[in-house]
Amino acid sequence: MSSASPELFLALKRTESTFEEIPVIDIHDAHSKDPIARRKLADLIRDACINVGFFYIQSHGIPDEIIDNTVKGAKRYFALPESTKMELNIHKTPNFKGYTALLGENTDSTGLGDLHEGFDLGWESAPDDSSSSSESRKDGAMDGENVWPSDLPGFRETTLEYYHRVLNVGKSLFPLFALALDLPENFFNDKTTKPAAIMRLLHYPPQSPTSFETDPDGRQIGIGAHTDYECFTILWQDRAGGLQVQNTAGKWVDAVPIPGTLVVKYVLEPVPSHVYLILSPISFATASLGDQFARWTNDIFKSTLHRVINRSGVERYSIPLFFGTNYDVPLEPIPTCVTPGSPSKYEIMTAGQYVKSRLEATYAHSSAT
Ligand SMILES: O=C(O)CCC(=O)C(=O)O
Ligand SMILES: [Fe+2]
């Protein structure tokens, strides 16, 4: 291990920030040749990681057309008859690939099932990548091929095209996270040669606008309060809104879709504050920190509780891609994050074992049915 500067590292104290807004970070300089520009970007990321655990990324470079095609594919898929979708039931495939029906997950174990349906995939070579197409990848505890609907032309290709674009964005974030931790930029390189990357297409039917009266504790919502399992998540969400992030005061802060040019204010219960719905042709993605980074950093980087309540009155679609290290990498705290006053908090296991255990818990309630 290197050159982590102890003085700088002392500044890496987790704060009890009660953030009210989620920062927007332009990642254009991620590939800058100027190390000072990359360092500045890493500082912004560090601040967001320590104080919030969520930030928006701008200039991710994924063309709108690729996103649109993927979302159209998701809409076509979810419009298939339930019996067709259930042919790819996630419980029948190795390690959680394929279809999850409405209420099939219970992300918050105190909840009554999540009001979304989903389609999950893991790493698979890009359709136009002849170099690795015959390569079969071994993911140990999380091994398992993707499954695809047989009668949806183009769905696999467009979904995988987007998957690989986001994968590249994610790969460009790892060196920034390393810099943000005052580690060498290449710290995660050998741990992310085959990064764990599960992507989900999600569809949230609208909830009744008055469901907060009948379900004041939010026990049956789009996705129950949870933290993500991996290092970080890159999320595309449509304009319906509904994603909320909890600050340390326990307040749910809206992670509104698409900050940009036109601002429309409306009120989204149960958060009695204004929400900004911002319309813009530019697509934004959110990055959120996951439990693996919390483990790597002994909780210095926050893994923030979040949930979705879709009271927009319209269907909501979103696409998270969860990034972790290679599945066989042990989740050991980075030495500089462990001090006598702050000893290691977590049992050490591999990334694959950890992800698998969390997925098993999430799907446990529907596995018997
Ligand atoms: O749909 C969203 O906006 C968030 C989804 C999410 O939190 C998850 O799948 O872990
Ligand atoms: Fe999540």
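**Figure 1. Helix H2 against helix H5.** Helix H2 (residues 35–51) packs with helix H5 (residues 155–180) at an angle of about 75°, and their axes lie 8 Å apart. That makes H2 roughly perpendicular to H5, a label for angles of 65 to 115 degrees. Axes here are lines fitted to C-alpha atoms, for helices over the stretch in contact, and angles run from 0 to 180 degrees between N-to-C directions. Helices are DSSP runs of H or I with at least four residues, strands are runs of E with at least two, and both are numbered from the N terminus. This is a predicted model, in which local features need pLDDT of at least 70, side-chain atom pairs count only at pLDDT 80 or more, and totals for chains, interfaces and linings use all residues. Residues are numbered from 1 along each chain as its sequence is written, while chains are lettered from A and ligands numbered from 1 in the order in which they are written.

**Figure 2. The residues where H2 and H5 meet.** From H2 come Arg 38, Arg 39, Leu 41, Ala 42, Ile 45, Arg 46 and Cys 49, and from H5 come Leu 176, Phe 177, Leu 179 and Ala 180. Contact means C-beta atoms, placed from the backbone, within 7 Å. By class, this meeting has 8 nonpolar, no polar and 3 charged residues. The classes are nonpolar (Ala, Val, Leu, Ile, Met, Phe, Trp, Tyr, Cys and Pro), charged (Asp, Glu, Lys and Arg) and polar (the others, Gly among them). Take a look at Leu 176: leaving aside neighbours within four places in sequence, Leu 176 is in contact with Ala 30, Leu 41, Ala 42 and Ile 45.

**Figure 3. The largest nonpolar core.** This core has 82 residues, and Ile 22, Ile 45, Phe 55, Leu 176, Ala 180 and Leu 321 have the most contacts inside it. Its largest share, 12 residues, comes from H5. A nonpolar core joins buried Ala, Val, Leu, Ile, Met, Phe, Trp, Tyr and Cys residues through C-beta atoms within 7 Å.

**Figure 4. Ile 67 in helix H3.** Helix H3 (residues 64–78) holds Ile 67. Ile 67 counts as buried because it has 20 C-beta neighbours inside 10 Å; the cut-off is 20 or more. The C-alpha atoms of Ile 67 and Arg 165 are separated by 9.7 Å, although these residues are 98 apart along the chain.

**Figure 5. The shell around ligand 1.** Among the residues surrounding ligand 1 are Arg 200, Asp 228, His 306 and Ser 318. Strands E5 (197–204), E7 (232–237), E13 (306–308) and E14 (316–323) each give two or more residues to this shell. Membership requires a C-beta atom, placed from the backbone, within 6 Å of the ligand.

Key
Parallel < 35°, antiparallel > 145°, perpendicular 65-115°, else oblique. Contact = placed C-beta atoms within 7 Å. Buried ≥ 20, exposed ≤ 12 C-beta atoms within 10 Å, placed from the backbone.
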